[in-house]
Amino acid sequence: MTKAKNVAIFISGRGSNMEALMHNCKDDPLINFCLVFSNNASAQGLEIAQNFGVETKAFNKKEFESADAFDDAIIALLREKEIDLVCLAGYMAIVSAKVIHAFPNKIINIHPSLLPSFPGLNVQQKAIDYGVKVAGCTVHFIDEKVDHGPIITQKSVEVNHNDTQETLTEKILVQEHKIYSEALKLFCHDKLEIIDRIVHVNNI
Ligand code: GRF
């Protein structure tokens, strides 16, 4: 019998993906939400996490004497809580190579484009400006390059001629909430295997 995974979620803002993960996976016996970390003590999502009864922690790189000391604090926190998986959910900071190496293939991210198209920020507007007819979202393992690691799952949405950044963002967000929850379940049920950057998925 597979052991339940201890999951941490990293946020910086409103935390709608975090909330969707907690809501959609709350009855899964293999998923144990242990920690929500934010690099922004005012993140709205922190209160939502507390309402779910999940412990929260917030600290920022600027509070440390060096980036390395901040990374050490993150690693110590994750080790203390015996975290098996970190879900980045609107975490507006680059995760350093040191943290990635401390938790290899144990950090996943949601990105609001169909990678490898449109890595980076403001990608819904970039998709509209480019004139794509299909946009979407991606859940992927992170590696040292931004929005680059092995892809777990993706979902497309149509882009219509009258879409604005707001309408496209909302359409994509609905799909983000679904596919991130599915990806979390797959990971926690040991259904994901990475071979040469290809993520092989065995359905639950
Ligand atoms: C989402 O669009 C996510 O894909 C991106 O940042 C946004 C965070 O939104 N990485 P929320 O905080 O989950 O509501």
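Cys 137 is buried, its relative accessible area being 0%, where buried stands for under 20% relative accessible area, exposed for over 50% and partly exposed for what lies in between, with a 1.4 Å probe and protein chains only. The model is a predicted one, in which local features need pLDDT of at least 70 and side-chain atom pairs count only at pLDDT 80 or more, while totals for chains, interfaces and linings use all residues. Residues are numbered from 1 along each chain as its sequence is written, and side-chain values rest on heavy atoms, with hydrogens and water left out.

The structure holds 0 disulfides, a disulfide being a pair of cysteine sulfur atoms within 2.5 Å. Cys 137 is accordingly in none, and the nearest cysteine sulfur, that of Cys 87, is 15 Å away. Cys 188 is likewise buried, at 0% relative accessibility, and its closest cysteine sulfur, in Cys 87, is 7.2 Å away, which is too far for a bond.

Helix α1 (residues 16-25) is mostly covered, with 7 of its 10 residues buried; helices (H or I, at least four residues) and strands (E, at least two) are DSSP runs, numbered from the N terminus. The buried residues are Ser 16, Asn 17, Met 18, Ala 20, Leu 21, Met 22 and Cys 25, and they pack against β1 (5-11), β2 (31-38), α2 (45-51), β4 (85-88), β5 (107-111) and α6 (165-188).

Strands β8 (residues 192-195) and β9 (residues 198-201) run antiparallel and are joined by 4 bridges, pairing of two strands requiring at least two bridges found by DSSP. Ile 195 stands opposite Ile 198 in β9, and in this hairpin, with 2 residues between the strands, Asp 196 takes a positive phi near 50°.

Key
Contact means heavy atoms within 4.5 Å.
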